[in-house]
Amino acid sequence: MKSPYMVLEHISFSYHNMQAETIALSDISFYVNKGEFIAIVGPSGCGKSTLLSIIAGLLTPEEGKITFPDMKDSSKPQIGYMLQHDHLFEWRNIYQNVTLGLDICKCKTSENLEYVNEMLKDYGLWQFRHKRPSELSGGMKQRAALIRTLALKPDLLLLDEPFSALDNQTRLYVSGDICQIIRKEKKTAILITHDLSEAISLSDRIILLTNRPAKIKSQIPVKLSVTERTPLKARSAPEFNDYFNLLWKELADEDQSRTICTTA
Ligand code: ADP
Ligand code: MG
């Protein structure tokens with residue numbers, strides 16, 4: 001059997017400051033296969049971003065470990081991180097923005113620039129490369145932010161609610177676009193979202209977290225009988241509502257347990 005791409009074992013983490021200790025994650029274990037698209041959902045403030053920061057190596061877990069079984073010498077893959085806001089710089093045009101990472105790591109090789117040019121053409125931004133970010137729509141800016149992330153050829157993409165700043169209709173199209181790009185570029189991805197429909201329509205597996213401190217409540221593999229996995233087509237799959245109801249019920253249980261905890 002093939003070994004998983006990434007394995008998280010018994011991850012726990014707390015924030016400490018002068019006033020208090022906030023236990024954010026408790027005994028989180030799961031694996032991710034190569035090329036898999038995972039969605040993580042859970043109540044607000046439960047520890048989702050903390051978990052992503054630990055996977056990115058920005059925070060060190062207090063307990064537990066993350067391993068990449070196929071990598072030699074316990075090294076880590078290249079990781080790309082995409083956040084809620086596109087964080088494009090207005091004083092740079094789109095081309096200068098998407099090549100920013102290459103500038104910083106001094107790896108503006110002709111091969112890397114060719115890869116960026118191809119993506120700008122494939123994903124509809126080539127004609128806009130000399131524009132400033134403010135001249136682009138929200139969806140185009142998110143695509144530019146993704147190309148900037150992909151320019152560094154990360155193996156693993158971490159997406160922390162990257163669509164939440166978009167209005168509903170744009171969100172539907174942009175999330176589909178971004179997901180298609182990620183699948184086409186054969187990346188492994190972990191997406192945090194509080195939108196259940198988005199999690200079902202985009203991911204191969206959903207990991208549901210409990211209230212803080214986050215533990216794994218359940219893992220739900222998503223299988224939809226549609227020929228093409230666009231957000232709109234996924235929503236019309238016969239299984240879609242069952243997944244939605246299942247997730248809704250599990251999250252409602254968490255809401256209820258929080259109400260009981262806070263009112264007790
Ligand atoms: P989520 O992304 O699920 O909304 P976070 O991972 O951002 O949740 O935060 C989990 C918990 O940890 C929250 O209660 C939050 O207030 C707390 N927290 C996050 N960052 C810090 C920090 N730097 N210092 C102290 N507490 C923090
Ligand atoms: Mg968060």
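Modeller: One cut-off comes before the rest: a residue is buried under 20% relative accessible area, exposed over 50%, and partly exposed in between. Bear in mind that this is a predicted model.

Biologist: Why is aspartate 27 called partly exposed?

Modeller: Its relative accessibility is 45%.

Biologist: What is the phi of aspartate 27?

Modeller: Phi is near 55° there, a positive value in a residue other than glycine. Most residues other than glycine have a negative phi. Glutamate 161 also has a positive phi, near 45°. That glutamate lies in the loop between strand S6 (156-160) and H6.

Biologist: Is glutamate 161 buried or exposed?

Modeller: Buried: the relative accessibility of glutamate 161 is 16%, and the cut-off for buried is under 20%.

Biologist: Which residues form a negative surface patch with Asp27?

Modeller: The patch is formed by Glu21, Asp27, Glu62 and Glu63. Asp and Glu count as negative, and patch residues need over 30% relative accessible area and no salt bridge. Glutamate 62 sits in the loop between helix H1 (48-56) and strand S4 (63-67).

Biologist: How do you know that arginine 92 forms a salt bridge with aspartate 103?

Modeller: The closest N and O atoms of arginine 92 and aspartate 103 are 2.7 Å apart. The limit is within 4 Å, so the pair qualifies as a salt bridge. Arginine 92 lies in the loop between strand S5 (79-82) and helix H2 (94-98) and aspartate 103 in helix H3, so the pair ties together parts eleven residues apart in sequence. Arginine 92 is buried at 13% relative accessibility, whereas aspartate 103 is partly exposed at 29%.

Biologist: What makes Arg92, Asp103 and Lys108 a network?

Modeller: Salt bridges link them. Aspartate 103 pairs with arginine 92 and also with lysine 108, where the closest N and O atoms are 3.0 Å apart. Lysine 108 is partly exposed, with a relative accessible area of 43%.

Biologist: Why does the pair of aspartate 195 and arginine 171 count as a salt bridge?

Modeller: Their closest N and O atoms are 3.9 Å apart, and the definition asks for within 4 Å, so this pair counts as well. Aspartate 195 is in the loop between strand S7 (188-192) and helix H7 (196-202), and arginine 171 is in helix H6 (residues 168-184), so parts 24 residues apart in sequence are tied together. Arginine 171 is buried, at 8% relative accessible area. A search of the whole structure finds twelve salt bridges.

Biologist: Which peptide bond is cis, with omega near -5°?

Modeller: The bond from arginine 212 to proline 213. Proline 213 is placed in the loop between strand S8 (205-209) and strand S9 (216-221). Most peptide bonds are trans.

Biologist: How many helices and strands does the chain have?

Modeller: Nine helices and nine strands. The radius of gyration of the chain is 19 Å, close to the 18 Å that the globule rule gives for 264 residues, so the chain is as compact as a globular protein of that length. Of those 264 residues, 47% count as buried.

Methods: Residues numbered from 1 in each chain as written. Chains lettered and ligands numbered in written order. Predicted model: local features only at pLDDT ≥ 70, side-chain atom pairs only at ≥ 80, totals over all residues. Heavy atoms only, no water. Patch = residues over 30% accessible without salt bridge, like charges linked within 9 Å, V, L, I, M, F, W, Y side chains within 5 Å. Areas by Shrake-Rupley, 256 points an atom, 1.4 Å probe, with all protein chains shown as cover. Salt bridge = Lys/Arg side-chain N within 4 Å of Asp/Glu carboxyl O. Charge placed at Lys NZ, Arg CZ, Asp CG, Glu CD. Helix = DSSP H or I, 4+ residues; strand = E, 2+ residues; numbered from the N terminus. Rg over C-alpha atoms; globule rule 2.2 N^0.38 Å. Buried < 20%, exposed > 50% of the residue type's maximum accessible area, 1.4 Å probe, protein only.
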